[in-house]
Amino acid sequence: MNASELHQELRKFVLIKSGLRNIDPGHCKVISEFVFQETKNYVSETTIKRFFGFANTLHKFSLFTLNSLSQYIGYSDWDAFCQDKENQISSVQSIWQNLKLKTHAITDISLIAKKNNSGVPFSSTANRSFFYPDFDYFLKNNYQFTTISAQPGHGKSILLGHIVEHFFYSEHALYKNDIVLLINSTSINAIIQNGLTFKDWFLKEFKFGSVSELITYFKKNPEKREGRFVLILDGIDEYLLKSKYFKVFIDFLCSIEENNFVKIVFGLRTNSWVNLQPVITGSAFLTKTWYNGLFYDSDLLSNVPSLNAEEILYTLSQIEGKTIGKNDIHPTLLNQFKIPFWLQVYFKLKNETNLLDLSNPLLCYELINFFLEKKVFLSKNSTEKIFILKKISECLTTGNKGLRVAKEEILNYVISYPEAYQELLFTGIIIEEKRLSTSIPTEVIRFLSNDIYTYFIFIQITEKFQYRPSKEFFEYILTNFNDQTNLRDHILNWTIRFCINRNKISELKNILQLPFSNLEKNNSFDFICHITRYELSKPNSNFNKQSIDIDFVDIMAMGRTMDNLYKETIKKVSDHVLNEDIQIMLHVIECLIYLIDIDKAALNNNMQLLKRNYKRLNELFPINPYDLILYFNNNLNNKPNESKTLEEKIIKLCREIDKSKPLKNEDLTTTELLTYRLVLLTLFSQKNYAECHRFIMAILNKYPNIFYIRSSVFSPFLLIILGQTYLQLHYFKKAQRIIQFLEKIISSDYTYHTHFVTTAFSVFKANFYNYTDNFEQSLIEIESGIKLASKNEFKMHEISLMLIKIDCLKHTDATEEVSNVIKELLNFLTTHKISMPDYANLNGIEFDHTFKILKSYKRS
């Protein structure tokens, strides 16, 4: 037995002695302690890791280490162990079995190294069994060579590991009689460090001068062959870049004699495969005997497909320790994980910080930042690497296969910083490819991932503006990036992250104020919510409980979206912020949310918090919001309201506003905005429509251009309330003009509006058509509104629409349908365990009696 085989045997018996069937790095410390207890010799944890292949072995194991481990399993020393193993080998053992034993020891070490180098635990990786029939076809037919080719990070090495286990090593392996010799970069490094050529090593280990000599021997002695000999070479790309090794490799290919029992598999990166192809096509033998595979993509030069959703979800389920479905992961992240490399980055990030879940789109950006921080910004030659990457991103143009640049355009940088450039290639951040579609094939360079390219584009923008986000910063994004591509979305998200990380919250208002599309504004608002929650949970964040100020409240008030993400963000920040004034304002926003959600318990809790700060509320707001919210709270709980004092306060405020000198829209404060919203809802709920109209006109007198605000949902809210007021006052033509104006501004892609605004507008239009006896059109708007309200869980709007539907159907004498809607409404209230507040009824006075009956029925 050679040294590798003896070491493998020793490993096996050390595991048996230690009571372990399998081993991971954590067991090495335990084994070190066992050895010390048994022999009183200290073999360090690090040495045990090297012995079991968990760490690189740069030198031979010392005699002390081998003696200590031999004594641990019951032998006097290493020599005694070796002698015993040699005696166990039968003198009549066949050449084939002897060869199999020797290759087994080497393949075992290579397989362990491959598993240990897996960024995700090997057992958690998808086995990609769809590939097995294709590989089986290669084994069974008259092919001698095949390539598992893929870009860096696409999982070719992991796939090779699964192939070895499935076909040759597992308990139910198909071809246990075959010999498989797996050689990876660790094995090749060991050969080179020992001063051997591959030929010398092959002779020393297997007693054959070369693979060619082995083929010749078994062709002459076919009776001694018991299966196939499968040679798998992986991790050789680095060597193939050097001309001397590339020549040796080509000589090796040409030395293989045609046969039907030696199969050679190469795991290659696509750039190595490109360089190899001219050699293959120049040889009739190689062309005939080389199998590209069923999954070979001639455009990508790869036969390893991206991960599918099922494979991604399997690996994530293994990592998370629970079943992960498609609904548990953000679609952008699911797309990112098609490249196995990002699953490895996720596994490492999760081990360092477990603050982000898979449904959070921010995770996509944190993965990119985490990877680049480790592989570029904190690595050797980081300055040179960053410089090269910025230059590449500057030069990229869109070709028929995506963003790329001809290598000749950046050749000066490649020559100037060769080490940094090579590290970027082997890290897999950039890729070299051949462009064959031109008259003269040229080398091109691209980023492995467009996400990395986007990051460096963003870095250039920050440098252009001296790392200071500003209105000009956002205007540059708006002007220079097309809104029809994902690129602008990603740049905006990087910018939002940048602003919040640096606590430049006020600059984020530019997204809502500038003519970005409504979709971009809504997506950006959601992303702001995601990042603020994440930053609050991080230690040492610039955006923290001490630093949150009025700018954050301004943004939250400008974009009231009423979805769960928004509610959770307001709740988390209000629970953690230390500034009492900011906390009070956020509690007021929370109360508005609970009013619309008809959440009595949550509203009561927040009312208690506001009551403790009653005096400060008087100082902060034009009118105390506690008094206004108390009106709705009593309404929800069917308590009487002493509304005279409140009416007097509202009338007084209305006069004060009306007497104010005209101001610009930007002078409107958040406390005013929140107050006006609550006052108008209160007046409308009290059916005091004349005072509601006067109050809106007073606001319009103070802010003459308030209906033209396009950066906040307050403007469309104000218009909808005015329109509903006109309906109740029977000013139908004025109400119709409001509808026409709202349709015009909402249809403008640059007006900021939300699903809540769209649903409220549907309620308004349904009510208008009902009031003007256009019942058919009213029902169309009702169905559209209910669908939107149900999808977004806008309970108050859904109740309002069903009440309008009942009134509408009553006017058409559709008695049976009225009964069905009433049942539907009562079931809705029962299912959601909510009451039917007075402020949900937007119908006219003649409907009040019906409403009271429905409400009393629910109470019974």
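How many cavities of 30 Å³ or more does a search of the whole structure find? The search finds 6. I note here that the model is a predicted one.

**Entry: the largest cavity**

I looked up its volume. The largest cavity holds about 420 Å³ of space. Next I asked what surrounds that space. I found 24 residues lining the largest cavity. Leu 681, Phe 717, Ile 721, Met 796 and His 797 are the ones that lie nearest its centre.

Which elements give two or more residues to this lining? I wrote down helix H30 (580-597), helix H35 (670-685) and helix H37 (714-728). Helix H39 (755-771) and helix H41 (795-811) complete the list. H39 gives the largest share of the lining, with 5 residues.

I then sorted the lining of the largest cavity by residue type. I have 18 nonpolar residues, 4 polar ones and 2 charged ones.

**Entry: the second largest cavity**

I moved on to the second largest cavity. About 180 Å³ of space lies in it. Its lining is made up of 16 residues. Nearest its centre I noted Thr 125, Ala 126, Ile 158, Leu 307 and Pro 340. Two or more lining residues come from each of helix H8 (156-169) and helix H18 (340-352).

How do the lining residues of the second largest cavity divide? I recorded 7 nonpolar, 8 polar and 1 charged.

**Entry: backbone angles**

I turned to phi. Most residues other than glycine have a negative phi. I looked for residues that depart from this.

Asn 503 went into the notebook. Its phi is positive, about 55°, although Asn 503 is not a glycine. Where is Asn 503 found? I placed it in the loop between helix H25 (486-501) and helix H26 (509-513). Asn 503 has a relative accessible area of 25%, and is partly exposed.

Lys 687 is not a glycine, yet has a positive phi of about 65°. I located Lys 687 in the loop between H35 and helix H36 (689-702). H35 was already in my notes, as one of the helices that give two or more residues to the lining of the largest cavity.

How values were computed:
Residues are numbered from 1 along each chain as its sequence is written. This is a predicted model: local features need pLDDT of at least 70, side-chain atom pairs count only at pLDDT 80 or more; totals for chains, interfaces and linings use all residues. Side-chain values use heavy atoms; hydrogens and water are left out. On a 1 Å grid over the protein atoms alone, a cavity is a set of points where a 1.4 Å probe fits but cannot get out, and a pocket is an open set with protein on both sides within 12 Å along at least five of seven lines; lining residues have an atom within 4 Å of a point. Grid points are joined across faces, edges and corners, and a volume is the space filled by probe spheres set on the points. Helices (H or I, at least four residues) and strands (E, at least two) are DSSP runs, numbered from the N terminus. Ala, Val, Leu, Ile, Met, Phe, Trp, Tyr, Cys and Pro count as nonpolar, Asp, Glu, Lys and Arg as charged, and the others, Gly among them, as polar. Buried means under 20% relative accessible area, exposed over 50%, partly exposed in between (1.4 Å probe, protein chains only).
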